[in-house]
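Please look through the structure below before reading on.

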There are 2 protein chains.
Amino acid sequence: MSIAASIENILRPRLPLATNCLIPLHRAISVFFPTQRVFLPRLLSSSASSSVSTTIQDDAQSVETEEDSSVPAASGRSLIDVNPPRGTRDFLPEDMRLRNWLFQNFREVSRLLSFEEVDFPVLESEALFIRKGGEEITHQLYNFEDKGGRRVVLRPEITPSLARLVLKQGKSASLPLKWFTIGQCWRYERMTRGRRREHYQWNMDIIGLSEVRAEAELIHAIVLFFERLGITSSDVGIKVSSRKVLQAMLRRHSVPESLFAEVCVIVDKLGKITIAEIEKELISAGVSFEAVNGIIGVLSIKSISQLEGFLGSDGEAVVDLNNLFFYLLNIMATLNVKSLVGKLFDKAFDREGKLRAICGGGRYDRLFSTFGSDDIPACGFGFGDAVIVELLKEKGLLPDLSRQVDDIVFPLDEELGGMASKIVSSLRRKGRSVDLVEDKRLKWVFKHAERSKADRLILVGNAELEKGVVRVKILATREEYDVNIDELVSSP
Amino acid sequence: MSIAASIENILRPRLPLATNCLIPLHRAISVFFPTQRVFLPRLLSSSASSSVSTTIQDDAQSVETEEDSSVPAASGRSLIDVNPPRGTRDFLPEDMRLRNWLFQNFREVSRLLSFEEVDFPVLESEALFIRKGGEEITHQLYNFEDKGGRRVVLRPEITPSLARLVLKQGKSASLPLKWFTIGQCWRYERMTRGRRREHYQWNMDIIGLSEVRAEAELIHAIVLFFERLGITSSDVGIKVSSRKVLQAMLRRHSVPESLFAEVCVIVDKLGKITIAEIEKELISAGVSFEAVNGIIGVLSIKSISQLEGFLGSDGEAVVDLNNLFFYLLNIMATLNVKSLVGKLFDKAFDREGKLRAICGGGRYDRLFSTFGSDDIPACGFGFGDAVIVELLKEKGLLPDLSRQVDDIVFPLDEELGGMASKIVSSLRRKGRSVDLVEDKRLKWVFKHAERSKADRLILVGNAELEKGVVRVKILATREEYDVNIDELVSSP
């Protein structure tokens, strides 16, 4: 610790309250906290030790706290790259307010559904994500080897961590678990499409419920979320589909069950490749001609009645879907988005079809057996922070999220800083958000108050202080009045 | 997309409300959302495609939603490692409630100080953290090369990212900036001391204020935080020190300014190595014998009056410290922690001396020039999530943070699921946190209600429904009464 001076006994103030001790101090004052830190040292000591070696105090270029002072440009020396790593984001205050607002809505809907929040490390063991199959996700893993030689990843999704934690809980977990989390996910891909390498994702998962009610609850959450944000059924739709339909079709045509996984992978390409290409791939996978026709037919089904025509009304797939819609109808009956029910599809998507899916999810009972446990019924969804914001922007549904300061306190003279501090401290203890501004011109302060959407401006002046008051300006109404200083600084 | 069936037109329900369609469904039902996802696919499709290939439906081992059902043990197959990567944490609901409570306090204090929240990627360019000097921080970087050959790190601290963003803002930033952030920081060290590799850190920073008022505001924030949590001056102290004191001492003994950085690094080791070792290192660095004695003398100073004895009362260091304490006294005058002022030290630490520092920080004006910009006055602190929780535990100050569900709705008969869903949906729209429970015994439901700290248990039974009511039990008072169903399901 470079404790150049450890000071005690300062209950005896060294300076009387009325001196000019608040006249602008030398810049770059060095009262500081220590270098032995909570966990990781902050930059202070190192920057000091690496740069102070050439000159001890040379602050001629320091920024003055003047009218609209701003960050100086680099003068000659080569500036570091000021951008965050490729594909990642900084969040300025206005970005952060939007993100907090969005997350707040995620959290509030999760609370309404009585889900509990959990979280996992953004860094996970690679083994958790290495799976069979040629999905995008395994090709785009943000993986690397740590210094201990372990293969790790910045997680591309949250579900495997959640499943890991469920297994870790073991017998102590009382099912069903209803968990949600909001976390950052990563992928590594060449930055060709301008897509980012990270995003935040809201996940809701139900572990231990095999009934279709679990799916209904998750859809309920998504609908409540849309409703809160002012998104209607004319903006978005939700698609629902059942793998059992495909299974039933394969069984009907006596396609070996060992082919099911491969068929799913091929059929999942719908929308990315043409129907003709899907047909071709299915045939080269060994699916019979009739079965291919059946599968293609099933892909174009648009209603349950059509589906009943294909599979009959007593098949598992049809019963499940009917049950789901029965639940949803009872839920929607009290929601303002009734017509949404009429267009229940397969995921949440924008009606105009311009954006990628808003969210997606489903059942993953089988995940647990790939992790070496018995299977556990589980389903959930992931809801990203990117597409929804694009949609809200397009629909003009983004809220006005300006900064909100309660009070700005401004001493008109430098020697009034002590009194201003007292007032600031007292107001903060009363729960008000207070900004103390000094060494600025009054014009700047008014501009600043406007930018900060401050309620009140409190001016501490000598003339008023002599009368025992300060001047208070209500910024919205331009009202002005004096307030007794004792009222302001008294404890609540 | 494996859209086996896309369904429309389900405004015409396929099942009448009164049928037995809610009789337990086949397990592992497969109604699911699609594989084309928001951003990164969830695990569903892959787990299905990798595991379903051998057997289509074999749910004999699935967990039944029975009395106190819990996660099954692995049966023979080798279980994945259920622990998070070494040195990292999972957050179960109870952990997350504590974390949210702590962060909420960080946020609330930041709001009181009128700081704005910002955020940065947890992954940063390594260049931002590679500095001269032999600090722990550079040895323990969690760094690696990404697939594009870039050197990146999981940030060990947040300040460099913040400085980067300030520079990125350039002229558009109106100083002073008052920013806070709460983020995860990483380090890589051999796990010998049981220390974690990640922690969350609350940072508050003021950019563009050279006056000691900036330090006073930051200390104010820390004091307010402690006060909110019930931590008193008998629990913690705050140390304050000034590098200028050391500078003044070096100047007095004509130590070349080029040695200042090195002297700082050596002096920072105080507490880790002995005074004798510090003396030895200073001498081998080329500091004169008298200067070493002066430095050692200064390290033991405990009050400003002592300091004045060493340096006189008009030196920069003494003036700065006096000013800081003047500010702090005015702040503390309205706080309940007056005696804290009496022991202002150098960082926040626990009085018993058992724990590492609770938080630390200071000025880093010079950081900007190491980044190639002109210097900008800046100071801030980092406040970790680990030591404070240890302290709160020890002092018995951790709050009771149990789960809080408003209503639990339980249909007594399976066919009442539809009506229960209607009630649940309606209550949620009214802002209540509602858990729908089905297929459990009443005993389990009561236990669950107790665990969830539910306000009300709403029982949907056939006999009551015939009278148009449901049974409501207030769990705290054990009151019971009937509520008209129309009241519950009406829109607000």
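Helices (H or I, at least four residues) and strands (E, at least two) are DSSP runs, numbered from the N terminus. The model is a predicted one, in which local features need pLDDT of at least 70, side-chain atom pairs count only at pLDDT 80 or more, and totals for chains, interfaces and linings use all residues. Residues are numbered from 1 along each chain as its sequence is written, chains are lettered from A and ligands numbered from 1 in the order in which they are written, and side-chain values use heavy atoms, with hydrogens and water left out.

Helix α4 of chain A spans residues 159-169 and is mostly covered, with nine of its 11 residues buried. Buried means under 20% relative accessible area, exposed over 50%, and partly exposed in between (1.4 Å probe, protein chains only). The buried residues run from A:T159, A:P160 and A:S161 through A:L162, A:A163 and A:R164 to A:L165, A:V166 and A:L167. Their cover includes β3 (123-125), β6 (177-186), β7 (198-207) and α13 (367-370) of chain A, where contact means heavy atoms within 4.5 Å. After α4(A) comes A:G170, with a positive phi near 55 degrees.

An unreviewed UniProt entry annotates A:E157, A:I158, A:T159, A:R187, A:Q201 and A:D205 as "binding site". UniProt positions are given in the numbering used here, feature names are shortened, and annotations may be inferred rather than shown by experiment. Of these residues, A:Q201 lies in strand β7 of chain A and is buried, at a relative accessible area of 1%. A:D205 is also placed in β7 of chain A, and A:D205 is buried with a relative accessible area of 1%.

Strand β3 of chain A belongs to an open, antiparallel sheet of three strands in the order β3-β5-β4. The edge strands, β3 and β4 (142-145) of chain A, each pair on one side only. Two strands pair if DSSP finds at least two bridges between them; β4(A) and the antiparallel β5 (residues 151-154) of chain A are joined by four. In one of these, A:Y142 has A:L154 in β5(A) as its bridge partner.

In chain B, the axes of helix α6 (residues 243-252) and helix α10 (residues 304-311) come within 11 Å and cross at roughly 25 degrees. α6(B) is therefore roughly parallel to α10(B), a term for angles under 35 degrees. Axes are lines fitted to C-alpha atoms, for helices over the stretch in contact, and angles run from 0 to 180 degrees between N-to-C directions. The residues that meet are B:V245, B:A248, B:M249 and B:R252 in α6(B) and B:L307, B:F310 and B:L311 in α10(B).

Terms used: Angles under 35 degrees count as roughly parallel, over 145 as roughly antiparallel, 65 to 115 as roughly perpendicular and the rest as oblique.
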